[in-house]
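Subject: Structure handover

Hi there,

Here is the structure I promised to pass on to you.

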Amino acid sequence: MRETLKRDHGDFVFAVTPVGEGDGVLSGGSDDKIKLWKGGTLVHTHTGHTNTVCSIVMVGGARFLSASCDNTIILWSLGGGALKTYRG
């Protein structure tokens with residue numbers, strides 16, 4: 001899975017966090033995207049940041065936060081879109 005993450009994020013992966021109790025994973029990297037994986041298969045790509053995604057954390061249920069070098073934190077719906085953007 002490591003090589004798949006690296007290839008799909010365009011070299012660098014900076015954030016990985018487990019999703020739920022199963023084999024789901026969220027990853028973020030230098031391509032400005034967050035990707036949802038299940039069983040090693042890409043399920044969904046979240047777009048909205050304009051610079052490297054450096055941190056991802058689940059915040060309960062089907063929501064998560066991502067932080068980027070573009071000075072934003074975005075609240076997301078898992079497998080859906082951005083719910084709110086915080087700018088710093």
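The side chain of His46 comes to 3.3 Å from the backbone oxygen of Ser77. Please keep in mind that this is a predicted model. His46 sits in strand β4, which covers residues 41-46. Is His46 buried or exposed? With a relative accessibility of 1%, His46 is classed as buried. Beyond its neighbours up to four places away in sequence, His46 touches Lys33, Ile34, Phe64, Trp76, Ser77, Leu78, Gly79 and Gly80.

Next, the cysteines. How many disulfides does the model have? The count is 0. Cys54 takes part in no disulfide, and the nearest cysteine sulfur, at 4.3 Å, belongs to Cys69. As a reminder, a disulfide is a covalent link joining the sulfur atoms of two cysteines.

Cys54 belongs to strand β5, residues 53-58, and is partly exposed at 36% relative accessibility. Cys69 is also partly exposed, with a relative accessible area of 46%. Leaving out neighbours within four places in sequence, the contacts of Cys54 are Phe14, Ala15, Ala67, Ser68 and Cys69. One of these, Ser68, is 14 residues from Cys54 along the chain, yet their C-alpha atoms are separated by 5.4 Å.

Finally, two backbone angles for you to look at. Most residues other than glycine have a negative phi. Which phi value does Asp32 have? Asp32 has a positive one, near 70°, and is not a glycine. Asp32 is placed in the loop between β2 (24-29) and β3 (34-38), and its relative accessible area of 21% makes it partly exposed. Asn71, not a glycine either, has a positive phi of about 70°. The loop that holds Asn71 runs between β6 (63-68) and β7 (72-77). At a relative accessible area of 52%, Asn71 counts as exposed.

That is everything from my side for now.

Best wishes

Conventions
Residues numbered from 1 in each chain as written. Predicted model: local features only at pLDDT ≥ 70, side-chain atom pairs only at ≥ 80, totals over all residues. Heavy atoms only, no water. Helix = DSSP H or I, 4+ residues; strand = E, 2+ residues; numbered from the N terminus. Buried < 20%, exposed > 50% of the residue type's maximum accessible area, 1.4 Å probe, protein only. Contact = heavy atoms within 4.5 Å. Disulfide = S-S within 2.5 Å. Polar contact = N/O pair within 3.5 Å; in protein donor to acceptor, adjacent residues only side chain to side chain.
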